Amino acid sequence: MTVFHLSAECYPVAKVGGLGDVVGALPKYLVNEGIDAKVILPFYDKKFTQTHVFETVFTGQSNLGNRSLAFEVLKESTNVLGFELYLIKIPSLLDRVDVYGYPDEIEQFVAYQISVLEWVITQHIQVDVFHCHDHHSGLVPFLIQYSTRFDSLRDIPTVVTIHNAQYQGWLGWDKFYYLPNVDVSKTGLLDWAGCINSLATAVKCCTRYTTVSPGYLEELKIHSNGLEHLFYMEQQKGLGIINGIDPDVWNPETDTMIGDNYLASNLKNGKALNKKTLCAEFGLDDSKPLITFIGRLVIEKAADVLPYIFSACLEKFKGEVNFLVLGSGEKYIEEALSNIPISNNYNVFIGYDEQLSHRVYAGADFILMPSRVEPCGLNQLYALKYGTIPIVRSTGGLKDTVIDIKEKNGYGIRFENTTPEDACQAIETAIKLFADTKKLNMLRKKAMGLDFSWNQSAQQYKQLYNSLITIL
Ligand code: ADP
Ligand code: GLC
């Protein structure tokens, strides 16, 4: 069975957040399950593309309205990622450095989707399932059914995975002419609240959609940035499958990005060494608990609340706790975090640094995630794998993956509201736990032994694909 994964990100080719991690790992585990999973990405001018060998497997032409675009399909020659990787390159549109943030992002992703389909129909490529990740490929289920240009693909089932419904890929109706040969009686399927909404279209037109945790599947009916009614109406097509983690990349025993490798059996010493190095680098007090935040500094992650939480706790627990932030995002949040005075209890690194993130997961005692919205969350899973205890708000995937220490078999700290008060209370619990070294080490060991590998989730995706192929 051949499954085409369409995505904007795929680690290590291009990663902005968890979407990249998932698309860089899941296909590998699907290949292990006997599925011919391929990833098709827009081309980016990044380190990976500069340092790997690609062959051109197709050159073609696609139309974006009245603009004719020459494109190339490049294949990574050695399947170094454990699956076939293809890149769609369009000079001066899909050949840039960054994944997101360009003023013509709509044109970029529409051209990407149309070019993938052009390539598939022209070369008569066998595709059994199109698996579209987030809104960047959300028009594919519509296009293959209702554009006469792609008639031959009409019966191919589509799976749409929603990693984050906050971003929906909105296009004004003035861009409708970008979509080739569309059956105009079906244009209602493109519309949500007066514009073309790629994610809403995907949900309406896909065969099945999945969310990256079961909890998020339910939440979307209540909070989904305006799509609540749609998720309610389409719920029979939905399925929640929790993400996994890739131990080839995230494993304290083998991680080449951390200073001192460790196992559950020598975690006390291993973690202490990593913490010492990290605290020395950031001028922190390694005898006190180290709580970190790693992530995008955006409202969804409640990063706007972090400065209040840190200021309140630094005052309340004077000298008794350290905070270290690694993140980038909204400028006003970056500034607010940078304005907190650096001390031997607080430091911040504004920027994106993959290697540093590994060192922080390994060196920190706790990771704080006060997220307002968290469809799955990978940080808490990586943290657990490194014996770092998560302090999370009870929402979405965080609720599905972290059991509070007050409950049976618990290993994390949960709190209810995105408020400095609730977060500070949870931090107080963490400080007390840190003082109880016996309990802390028992919990760390338990955390490291949890199984959040991809194997089980990959099997669930496989079952889903099989069910779609059997239906037809
Ligand atoms: P999201 O995809 O919503 O950003 P996830 O928890 O699913 O959240 O995944 C975030 C991923 O991005 C993790 O791999 C995390 O380590 C990484 N990450 C986020 N911000 C940074 C940063 N500033 N530097 C390095 N890695 C980061
Ligand atoms: C999104 C979500 C995050 C999830 C990731 C991978 O970016 O915000 O919660 O873990 O996708 O599915």
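A polar side-chain atom of Asn379 stands 3.0 Å from an oxygen atom of ligand 1, a polar contact being a pair of N or O atoms within 3.5 Å (within protein, one must be able to donate a hydrogen and the other to accept it, and residues adjacent in sequence count only if both atoms are side-chain atoms). Taken alone, ligand 1 exposes 560 Å², of which the protein buries 94%; accessible areas come from the Shrake-Rupley method with a 1.4 Å probe, and for residues only the protein chains shown count as cover. This is a predicted model, in which local features need pLDDT of at least 70 and side-chain atom pairs count only at pLDDT 80 or more, while totals for chains, interfaces and linings use all residues. Residues are numbered from 1 along each chain as its sequence is written, chains are lettered from A and ligands numbered from 1 in the order in which they are written, and side-chain values use heavy atoms, with hydrogens and water left out.

**Ligand 1**

- The shell around ligand 1 holds 19 residues, the closest being Lys15, Gly18, Asp21, Arg296 and Lys301; a residue is near a molecule or strand if one of its heavy atoms lies within 4 Å of it.
- By class, the shell around ligand 1 has 5 nonpolar, 8 polar and 6 charged residues, where Ala, Val, Leu, Ile, Met, Phe, Trp, Tyr, Cys and Pro count as nonpolar, Asp, Glu, Lys and Arg as charged, and the others, Gly among them, as polar.
- At least two shell residues come from each of helix 1, strand 13 (290–297), strand 14 (322–329), helix 11 (354–363) and helix 12 (379–385); helices (H or I, at least four residues) and strands (E, at least two) are DSSP runs numbered from the N terminus.
- Helix 11 gives the most to the shell around ligand 1, with 3 residues.

**Ligand 2**

- Ligand 2 is surrounded by 13 residues, and the closest are His163, Asn243, Glu374, Cys376 and Gly377.
- A polar side-chain atom of Glu374 lies 2.5 Å from an oxygen atom of ligand 2, and an N or O atom in the His163 side chain lies 2.7 Å from an oxygen atom of ligand 2.
- Gly377 contributes through its backbone, with an N or O atom 2.8 Å from an oxygen atom of ligand 2.
- The protein buries 93% of the 310 Å² that ligand 2 exposes when taken alone.
- The shell around ligand 2 comprises 6 nonpolar, 5 polar and 2 charged residues.
- Helix 1 (residues 18–32) gives the most to this shell, with 3 residues.

**Domain setting**

- Ligand 1 lies between domain 1 (2–244 + 455–471) and domain 2 (264–451), because both give residues to its shell; the domain bounds come from an automatic or database domain assignment.
- Ligand 2 also lies between domain 1 and domain 2, because both give residues to the shell around ligand 2.

**Backbone features**

- Tyr11 and Pro12 are joined by a cis peptide bond with omega of about 5°, and Pro12 is in the loop between strand 1 (2–6) and helix 1.
- Ser92, a residue other than glycine, has a positive phi near 65°; Ser92 is in the loop between strand 5 (84–89) and helix 3 (105–122).
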